[in-house]
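Here are my notes on the model, point by point. Please read them with the structure open.

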Amino acid sequence: EIQVWSLNQVNEFIVKAESLKNLTRCYTGMLMALMTGMRQGEILGLRWQDIHFVTNLIYITQTLSQDGTLKYGAKNDASVRVIHFPNRLKEQLLVHYKLIQEEKKVAGKKYEDNDLVMCTKIGKPLIPRNFRKEFYNLTGKVGLPKIRFHDLRHTHATILIQQNVNVKLISERL
């Protein structure tokens with residue numbers, strides 16, 4: 001059964017999460033899901049080269065499968081797409097980029113550079129199950145109703161519908 005958060009709950013998630021002392025490195029991916037409607041595999045497979053900060057566009061060209069394999073392309077032909085993202089997400093992505101650059105320096109030759117936005121401290125792809133666990137843990141910490149990670153995609157679509165965004169545009173975005 002699909003469950004979604006309201007816009008107020010989304011805002012509460014953001015405010016409360018960002019006030020936490022030890023915010024998970026996965027937060028950036030969670031924010032991407034809420035603000036773009038991207039699938040988990042798309043978020044975990046996203047590369048820095050696929051983000052255009054000048055135009056605020058994300059190009060979906062690669063995914064990470066449940067078994068941790070990077071796959072060029074997307075779920076289907078329609079899933080290879082371009083998504084506009086808000087400045088709020090841009091700010092978070094730039095903060096996250098600095099973190100990744102620092103980790104590269106610390107790891108040195110141990111760093112496995114896949115150009116991934118969401119990765120381990122040594123550059124390897126995140127395990128999808130662990131990424132979802134981080135979301136569930138954070139949801140509990142901020143005191144919001146537990147929903148599945150995939151439901152963030154539905155939350156994004158629901159909020160766009162409530163804001164009277166054209167359904168065809170929402171369909172193309174997702």
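1. His96 sits in helix H4 (residues 87–107); helices here are DSSP runs of H or I with at least four residues, and strands are E runs of at least two, numbered from the N terminus. The side chain counts as buried, at 3% relative accessibility. Buried means under 20% relative accessible area, exposed means over 50%, and partly exposed lies in between (1.4 Å probe, protein chains only). Leaving out residues up to four places away in sequence, His96 touches Arg25, Thr28, Trp48, Val117 and Met118. Contact means heavy atoms within 4.5 Å.

2. A word on the basis. This is a predicted model, where local features need pLDDT of at least 70 and side-chain atom pairs count only at pLDDT 80 or more, while totals for chains, interfaces and linings use all residues. Residues are numbered from 1 along each chain as its sequence is written, and side-chain values use heavy atoms, with hydrogens and water left out.

3. Now the cysteines. Cys26 is buried, with a relative accessible area of 5%. Cys119 is buried as well, at 2%.

4. Next, helix packing. Helix H1 (residues 7–18) and helix H2 (residues 27–36) have axes that come within 12 Å and cross at roughly 165°. Axes are lines fitted to C-alpha atoms, for helices over the stretch in contact, and angles run from 0 to 180 degrees between N-to-C directions. H1 is therefore roughly antiparallel to H2 (over 145 degrees). On the H1 side, the contact is made by Val10, Phe13, Ile14, Ala17 and Glu18. H2 supplies Tyr27, Met30, Leu31, Leu34 and Met35. By class, that is nine nonpolar, no polar and one charged residues. Ala, Val, Leu, Ile, Met, Phe, Trp, Tyr, Cys and Pro count as nonpolar, Asp, Glu, Lys and Arg as charged, and the others, Gly among them, as polar.

5. H2 also packs with helix H6 (residues 151–162): their axes come within 7 Å and cross at roughly 35°. Met30, Ala33, Leu34, Met35 and Thr36 of H2 meet Leu152, Thr155 and His156 of H6. This contact has five nonpolar, three polar and no charged residues.

How values were computed: Angles under 35 degrees count as roughly parallel, over 145 as roughly antiparallel, 65 to 115 as roughly perpendicular and the rest as oblique.
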